[in-house]
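Please examine the sequence and the model before reading each solution.

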Amino acid sequence: MLFFITAFIIATACSAITIKTLVGYSDLKPVYKITIGAFIILGWFGMFILNLLKKQQFLGVEFYSVISTFLYSLMGIVFILFICIILRDIVWYMLFYLVKLLKLDAMAIDPQNLSLLNRANLVVLFFTIIISGYAFYEGYKKPDIIQEVVYSDKISRSLRIAHVSDMHITRATPNNKIMSVINEINMLNPDIIVLTGDTIDDNINLIQDKLTLLSSFSAPYGVYAVMGNHEFYNDVYEAKKIIEAAGIKFLFNGGVHISNSNIYLTGIPDFTTMFERINLWRSIKDSKKDDYKILLSHQPIIINSLNKDLYDMVLSGHTHGGQVFPMHLMAKKANQYLAGRYLVNGINLFVSRGVGNWGPQMRLFAPSDVILIDLLKK
């Protein structure tokens, strides 16, 4: 509830600022001002509208898919528009006061000049369209393959892991997009595939046909998964049952020895949930002292509670790498580890930006990825 109240206040403030700056001082006809303002409000409040529509199953999958794609896209565009306005005004005012400080003629670049402001708004709109177009391209293109190598004298034989996170499958996710990701991963010939949470992001009853596609994942030593926060928003236990029917094994505070190796793979549920408490000791109780232990945890910040005597590697997602700049700053602040490889407390941590998106199908300076890890004996 607190999240939605905060988000509502932010959306209201950002809508007011964007509308006032963009059309408040222009000489456009009222009908155009109202139309532009309506689109801006729809964009900022699209998340709330969709949250209500999401629960109305009578709308139909196709209709909801169109509406959600439109509103989420609009949300992404108005967010980028808002950021462009803010950045422009910061630079503009800094330049204006610098010119005044140097006792030069600053009137030519006065931000209070309404004619100049209207022209500057057109420039901002132009850059918003260009940046949004690029963000859509980044959001829809295939994930990057990030190749990593880990050496350890604890590893008895080489093994390849495909680390996949944050698929965010909804009723609006095209089947061909899901299969494209699956086929790309299978072509990497991994020994193990791991899904580190937020595989689903919708009403289970409406995406069962899409979840059956997950059975197309292929790895000789299995496909494993843990729950992220979005699974817990969407009937986590039903999700577990359906996805396990697709041949994926969920790790709930438990682990498994990978055949023909001394790799012990463990997993915990998302630690922010109140439904399942994490139990790190239970997850490794069946492991052996000389096992190379890997933990799947949706959120990377769990690593701050670990040490190298418990685990050798942690695989996480959740952050999306920020997804759309400058959300990188907030994602980094909230999660501490944004994306890529880290060494924390002697443990290798790999944080994936994910292969899907939350909200708009947009990414800006945070490309989607699959992390391919080769474990090699030192």
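The exercises below treat the chain as a whole, then its surface, and then its salt bridges.

This is a predicted model, in which local features need pLDDT of at least 70, side-chain atom pairs count only at pLDDT 80 or more, and totals for chains, interfaces and linings use all residues. Residues are numbered from 1 along each chain as its sequence is written, and side-chain values use heavy atoms, with hydrogens and water left out.

**Exercise 1. Describe the chain as a whole.**

Step 1. Helices (H or I, at least four residues) and strands (E, at least two) are DSSP runs, numbered from the N terminus. The chain holds ten helices and twelve strands.

Step 2. Along the principal axes, the C-alpha atoms occupy a box of roughly 75 × 55 × 40 Å.

Step 3. A residue is buried under 20% relative accessible area, exposed over 50%, and partly exposed in between (1.4 Å probe, protein chains only). Of the 378 residues, 53% are buried.

Step 4. A contact means heavy atoms within 4.5 Å. Among contacts with a separation of 6 or more, 75% join residues 24 or more positions apart.

**Exercise 2. Which helix gives the most to the nonpolar patch?**

Step 1. Nonpolar side chains (Val, Leu, Ile, Met, Phe, Trp, Tyr) are joined into a patch within 5 Å, provided that the residues have over 30% relative accessible area and no salt bridge. Here Ile17, Ile86, Leu87, Ile90 and Met94 make a patch of about 440 Å².

Step 2. Helix α3 (residues 61-101) contributes the most, with four residues. Ile86 belongs to helix α3 and is partly exposed, because its relative accessibility is 31%.

Step 3. Leu71 also lies in helix α3, but it counts as buried at 6% relative accessibility. Leaving aside residues up to four places away in sequence, Leu71 touches Leu42, Gly46, Ile49 and Leu50.

**Exercise 3. How many salt bridges are counted, and where do some of them lie?**

Step 1. A salt bridge is a side-chain nitrogen of Lys or Arg within 4 Å of a carboxyl oxygen of Asp or Glu. By this rule the count is ten.

Step 2. One of them pairs Glu148 with Arg341, whose closest N and O atoms are 3.2 Å apart. Glu148 lies in strand β1 (residues 144-152) and Arg341 in strand β10 (residues 340-344), so the pair ties together parts that are 193 residues apart in sequence. Glu148 is buried at 17% relative accessible area, whereas Arg341 is partly exposed at 38%.

Step 3. Another joins Lys240 and Glu244 (3.2 Å, N to O). Both residues lie in helix α8 (residues 236-245), four residues apart, about one turn of the helix. Lys240 is partly exposed at 23%, and Glu244 is partly exposed at 31%.

Notes:
Patches are made of residues with over 30% relative accessible area and no salt bridge: like charges are joined within 9 Å, nonpolar side chains (Val, Leu, Ile, Met, Phe, Trp, Tyr) within 5 Å. Accessible areas come from the Shrake-Rupley method with a 1.4 Å probe; for residues, only the protein chains shown count as cover.
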